[in-house]
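Me: I am new to this structure and would like to go through parts of it step by step. Could you take my questions in turn?

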Amino acid sequence: MAKTKSTKDITSLDTSEKSNQSDFNKVIDSLENQEEKKENGKDKQVINIEKGFDCFGFSEGLITTLANKGYVDPTPIQKAAIPELMLGRDLLGQAQTGTGKTAAFALPLLERINNKEQHPQVLVLTPTRELAMQVAESFKAYSEGHPNIKILALYGGSDFRSQIYSLKRGIEIVVGTPGRVMDHIRQGTLIQEALQCLVLDEADEMLRMGFIDDIEWILEQLPNERQMVLFSATMPPEIRRLSKRYLKDPAEITIKSKKKEAQLIRQRYITMQNSYKLEVLKRVLELNLGEGVIIFARTKAITLKLAESLEASKHNVAVLNGDVPQNLRERTVERLKNGGIDVLVATDVAARGLDVERISLVINYDMPFDSEAYVHRIGRTGRAGRTGDAILFISPRERSFLGNLERAGGQKIEKMEIPNNETINKHRVEKIKKDLIRNASSKRKTSEELSLLKGIVDEIESELELTSKEIALAALNLALGESTTLLASDDENWINQAERYSRSNDRRDSRGRNRRRHEIGPNSNDKDKDRFRVEVGHRDRVKPGNIVGAIANEAGINGRMIGRIQIFENYSLVDLPKGMPTSIFQNLKKVKIMNKELNINRQN
Ligand code: AMP
């Protein structure tokens, strides 16, 4: 996979861009915006009318694979990036997930693999193991027409020895998280001499998780002559610095992020104590009108717990988290699209890029990690110009984050009351009315069935001397189910208490006093967390991000579940969810940060 020097003869999107080749910097609308423009009949020259993947010089095997996957046209980022990467050029891409960026780098890199090499030729670094698995899966799917190419995902928390075994048997493409990749390079089990291309995927996320030093270390170990690709959703100064230092004359591509659709989404929040979340969730779901709902939860374990409870309450529910295999994920999304399921409980990573029109409600059951995640989550509703609802569950302590989320979403997040029995009952009655009206105006499919039903009504009317009203009531009763109680009468004292508590917090907030009560004090500890000591501190130049990154990837604990971190000279304290399994704990003991073992211990 020899690197071809940057060339003036760039196959470009359209002629207007060709004239700008020397100063190559493409700013491209996202696919959605382009399609909109096409529909409006404006700006037609932006879109290259040339169809398909034929223009990239791909092998027949790859063309067939893409056709089998149903890929007809390259997305804008693919149109721009593939020609550059096929030429071996470095690339700096600003693009979000959902733009087709994985295929944008995976397809050309697959095509440029040299089958004769014994050692890995392409290394892709990702911030999380979920993304590593997802990218590796994509490479596997795209490599159907390349039977000799083997792909391996390397991430913490999975068996080191079996990874070594796979590496020894010969792997062409490695996709991994920085910590585990470093470990393999250090142990000599990942031979880096033959590496010809490094991809940093979601570089800003890696920065945020504290992996920058690790990435630079890995970069220093790679051969000087190599292709490098850096994708990032945002371009903070550190990423710019990294790209200046390590990318050589890169093609720069920016996919403008999608137009903000937030205005179409009504955003609200409900304040409650954590112990009432599930009850509030069930009440909110009751008010939904049978359209699709996505509930975002922080961890895989919570997604499972929620799905179980909702299933017990007769909801049509499925789970989408990092443990769900790719083929099942696809089937789940299909079922959500066609109404086979109404409620999806998902983690952030698993619901990336999900595009289902009938999602009318997004519930943030757990607070998102940051405002970017919030905007991404609520963007799962209000698709294709439709309106949608987003409801955020927050504890009184989390209310101080609302301002940030409002700024990110460019819109006020209104307060919503917990639906009480009266609201729910009103809704139930309305729903019965609507269902009745709908049924009264829609005929049965066959006239034979219709006359059969009419016959039953006539018979009962004359035999039992019942009025039509009485029969209609009997039919309604039948439809509702005799044992179902129509009106909710559950204890709702807690709702009133929660409202009073929330109002008193409102007043305190508006007076700007006692804000500190919402912050975690130096000695306080979350009820659902235990405190641990790790043997790295200031003297090792460790930063909180390093600790979050290492623990998240090695223990499979979502970064968001990691609580307060305090760094001292020789050690640090970190709050982790209660009830950590021993196996994870043992794994964590051996994890290294800044080349030092964590040697984690519970702090009493
Ligand atoms: P990504 O931005 O890489 O996460 O990709 C988003 C989704 O778009 C994935 O489900 C891909 O399978 C899909 N995808 C990527 N490229 C294309 C294409 N050219 N045509 C249709 N779907 C695509």
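Reply: Before the questions, one definition is needed: two strands pair if DSSP finds at least two bridges between them. Please also keep in mind that this is a predicted model.

Me: In β12, which residue is the bridge partner of Val 319?
Reply: The strands β11 and β12 pair in the parallel sense, over four bridges. Within this pairing, Ala 318 stands opposite Leu 344 in β12. For Val 319, the bridge partner in β12 is Val 345.

Me: β12 also pairs with β10; which residue of β12 is the bridge partner of Phe 296?
Reply: The pairing of β10 with β12 is parallel as well, and runs over four bridges. In β12, the residue that partners Phe 296 is Ala 346.

Me: Which are the edge strands of the open sheet?
Reply: The open sheet has seven strands with parallel pairing, in the order β11-β12-β10-β13-β14-β9-β15. An edge strand pairs on one side only, and this holds for β11 and β15.

Me: Are the residues on the two faces of β12 buried or exposed?
Reply: In a regular strand the side chains alternate between the two faces of the sheet. In β12, Val 343 and Val 345 lie on one side, while Leu 344 and Ala 346 lie on the other. Both faces are covered, and these four residues are all buried.

Me: Which strands do the buried residues of α13 pack against?
Reply: The buried residues of α13 include Ile 302, Thr 303, Leu 306 and Leu 310. These buried residues pack against the helices α6 and α12, and also against the strands β10, β11 and β12.

Me: How far does α13 reach from its first C-alpha to its last?
Reply: Helix α13 covers residues 300–312, which makes 13 residues. At 1.5 Å a residue, 18 Å would be expected, and the span in the model is close to that, at 19 Å.

Me: Which residue just after α13 takes a positive phi?
Reply: The phi angle in question is about 70°, and the residue that takes it, just after α13, is Lys 314.

How values were computed. Residues are numbered from 1 along each chain as its sequence is written. This is a predicted model: local features need pLDDT of at least 70, side-chain atom pairs count only at pLDDT 80 or more; totals for chains, interfaces and linings use all residues. Side-chain values use heavy atoms; hydrogens and water are left out. The expected span of a helix is 1.5 Å times one less than its number of residues. Buried means under 20% relative accessible area, exposed over 50%, partly exposed in between (1.4 Å probe, protein chains only). Contact means heavy atoms within 4.5 Å.
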